[in-house]
Amino acid sequence: MDKTIVEYTQNRELSWLRFNQRVLEEAQDESIPLLERMKFVAIFTSNLDEFFMIRVGSLYDMAAVDDTAVDSRSGMTPSQQLNAIYNAVAPLYKERDKTYIQIKKKMSPYGICGLDFKELEPQEKKYVKNYFMEQILPILSPQIVDANHPFPHLLNKEIYVVANLKIENKTMLGIVPVPQFVSDILYLPGQGLRYIRMEKVIMEYLEKVFERYEVSDKNYICVTRNADVSPDDEAYADNDDFRFVMRETLHKRTRMAAVRLETARDLDKKMEAYFCEKFKITPKCIFRTKMPMKLKYIFSIAERVPAQLKRDLSYPVFVPQPSLQISETKIMAQLNRQDALLFYPYESMEPFLQLLKEASVDPNVLTIKITIYRLANKARLVEYLCAAAENGKEVTVLIELRARFDEQNNIEWSERMEEAGCRVIYGFEGYKVHSKICLITYKSKNEIKYITQIGTGNYNEKTAKMYTDFSLMTADKSIGEDAAIFFTNMSIGNLDGRYKNLIVSPTSLKEKVLQLMDEEIKKGEQGRIIMKMNSVTDREFIKKTAEASRAGVKIDLIVRGICCILPGIQGQTENLTVTSIVGRYLEHPRVFVFGKGEETKIYIGSADMMTRNTEKRVEVACPIYDKKIKERLLHCLEVMLQDNVKARVMQSDGTYQRKPQGETKINSQEVFMKEALRASVAKKVEKKKTFVERVKTFFR
């Protein structure tokens with residue numbers, strides 16, 4: 001282990017927990033509308049679930065294989081990391097419970113009431129009892145656990161109502177799964193949005209389920225299982241149908257080892273010991289929570305809130321605006337005149353979708369090729385690709401079936417596209433294809449031409465309204481030729497391709513980034529590096545960043561989530577700042593800037609500076625050649641660095657502090673919304689002026 005690097009690095013898991021703490025801080029921010037604050041609690045909870053399933057699960061695997069292995073950034077073994085995680089998570093649970101209860105209480109005067117059974121009105125209790133007896137009791141699948149009835153397998157992240165049962169002199173455990181096919185909550189009749197969670201209803205009437213038993217110690221629990229599974233290499237090699245392998249992998253995920261147990265009430269010592277034995281966990285893996293174990297229903301409640309009330313409880317509505325650079329008709333012709341950059345969600349994804357739609361029917365278009373990682377449940381993009389194939393275009397779709405937690409969705413989309421005549425191929429054994437690149441090839445006057453789109457985010461029409469991302473569309477021939485070679489390489493399984501413009505992992509992306517950093521290091525104090533990413537864990541990048549800092553290069557990293565390099569460490573990272581922005585939209589772009597003035601080099605792409613991205617994924621980053629787009633990207637980064645509302649600055653101990661606000665508050669996301677609205681108004685005014693001039697010309 002390199003002991004020097006440990007001086008200015010931190011453990012990635014603890015860094016991630018600090019990120020999720022920043023999400024929770026948004027839920028605690030009283031300037032944010034109540035429904036949005038509750039959504040942040042839900043996001044925090046969902047994030048934590050995934051963290052336990054993937055990261056904690058992975059550490060359990062590592063501990064089982066070799067618990068002497070040491071993390072290169074913190075010097076901790078897997079077991080030490082697990083202990084540190086459980087110790088760090090415990091106070092977060094308390095903070096989350098407290099935050100949830102406060103928000104819930106404040107929502108009550110608005111008629112949005114999540115209720116315990118004892119809080120129900122008499123007529124509501126009658127309604128709930130009738131509903132339970134008629135609609136729920138007949139479909140329950142209760143089970144007892146005794147000598148003749150073994151402890152069942154409890155599914156990952158499903159809720160089970162449990163209790164001790166007694167009959168004559170025998171005691172046993174009773175378990176009732178909350179059915180997956182019923183709503184998480186039961187809405188109550190009458191005014192407002194009054195509801196009770198289904199697990200509370202079942203727990204209240206548990207005596208009706210186990211009528212012949214004496215019921216005590218009622219509770220409900222939820223087990224979190226290791227979900228860090230990859231398709232088995234042998235299964236991959238022996239099966240021609242990779243979709244089948246992925247389905248088997250998804251099934252396997254539901255049966256992995258437990259890494260956490262959540263309970264609604266404290267367990268007595270006997271039951272705690274029993275669950276520890278059955279799940280093969282220790283008491284530190286058990287967390288009591290005073291809030292729901294599933295919070296997805298918050299988003300459906302938000303949809304039910306009346307419009308007038310929603311204005312008081314939600315962010316002001318913002319609709320992604322039309323692009324100032326490019327209109328939504330005759331896209332291909334416009335791109336032949338100039339490059340265009342879309343900035344989601346401030347600008348609409350529509351120009352890119354219209355580009356695909358236009359290409360699907362254009363007789364000159366020969367091929368459309370695209371890499372897909374995550375798609376929305378409803379995807380116009382897929383419909384346009386299918387239409388292109390049905391219209392005789394050659395459509396190649398490289399879809400990654402191993403996009404974690406989107407596997408089933410991607411399997412279904414791949415089948416739909418194959419049926420339409422698209423050529424569907426999958427990623428590589430051992431390497432995920434995470435790039436976001438689309439290539440349209442067409443013929444014009446007997447010349448082959450290209451339009452290439454390269455983005456920082458997925459082709460997901462839903463998240464394009466929720467995540468910030470950049471999307472470049474260009475007719476640059478040299479970039480198009482690179483993209484054509486890239487897709488050929490992907491089709492023939494060649495990961496070693498080299499390109500004139502594009503930088504591609506696992507071969508050239510990190511190599512090029514480090515080379516560009518070396519160029520800045522040679523400039524010393526005149527060097528400049530700005531990089532915006534989601535996460536930073538790659539050791540070589542971290543070491544190069546410290547080297548650049550020691551050389552006097554001014555470095556600004558804008559990193560939303562995990563960041564394993566610590567700024568402000570004497571003699572190592574004194575010229576480095578790390579900023580994290582957590583706000584209304586999920587910060588998602590990857591932008592790399594090297595140098596300043598006329599010599600500035602800028603790339604946008606799909607890769608974070610994480611080892612998994614630089615060495616184990618296919619990622620693509622593209623240079624920006626257009627001067628106006630360069631200026632726009634630099635402006636965006638400068639606004640983010642000036643943010644003193646949603647930005648937090650990392651301290652040398654890995655904690656974060658908000659910036660002092662001074663006289664002027666700068667919320668970068670609000671700045672970009674206002675800029676998009678102003679540009680839209682200016683475009684409408686310009687359009688109106690043009691129309692008036694045409695009318696005047698007509699009547700002269």
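Predicted model: local features only at pLDDT ≥ 70, side-chain atom pairs only at ≥ 80, totals over all residues.
Local features need pLDDT of at least 70, side-chain atom pairs count only at pLDDT 80 or more, and totals for chains, interfaces and linings use all residues. Residues are numbered from 1 along each chain as its sequence is written, and side-chain values use heavy atoms, with hydrogens and water left out.

Q: What makes a set of residues a nonpolar core here?
A: Its members are buried Ala, Val, Leu, Ile, Met, Phe, Trp, Tyr and Cys residues joined through side-chain atoms within 4.5 Å. The largest such core has 102 residues. F275, V513, M531 and L557 have the most contacts inside it. Helix α3 (residues 34–65) gives the largest share, twelve residues. A second, separate core has 47 residues, including L398, I479, I604 and M640.

Q: Which residues does V513 touch?
A: Contact means heavy atoms within 4.5 Å. Not counting residues up to four places away in sequence, V513 touches I503, M531, F541, F592, F594 and M609.

Q: Why is strand β6 called largely enclosed?
A: Buried means under 20% relative accessible area (exposed is over 50%, partly exposed in between; 1.4 Å probe, protein chains only). Five of the five residues of β6 (residues 193–197) are buried, so the rest of the structure largely encloses this strand. L193, Y195 and R197 point one way, R194 and I196 the other.

Q: How do you know that β6 pairs with β1 and β5?
A: Pairing needs at least two bridges found by DSSP. Strands β1 (residues 112–114) and β6 run parallel, joined by three bridges. Strand β5 (residues 185–187) pairs with β6 in the antiparallel sense, also over three bridges. Both pairs therefore meet the definition.

Key: Helix = DSSP H or I, 4+ residues; strand = E, 2+ residues; numbered from the N terminus.
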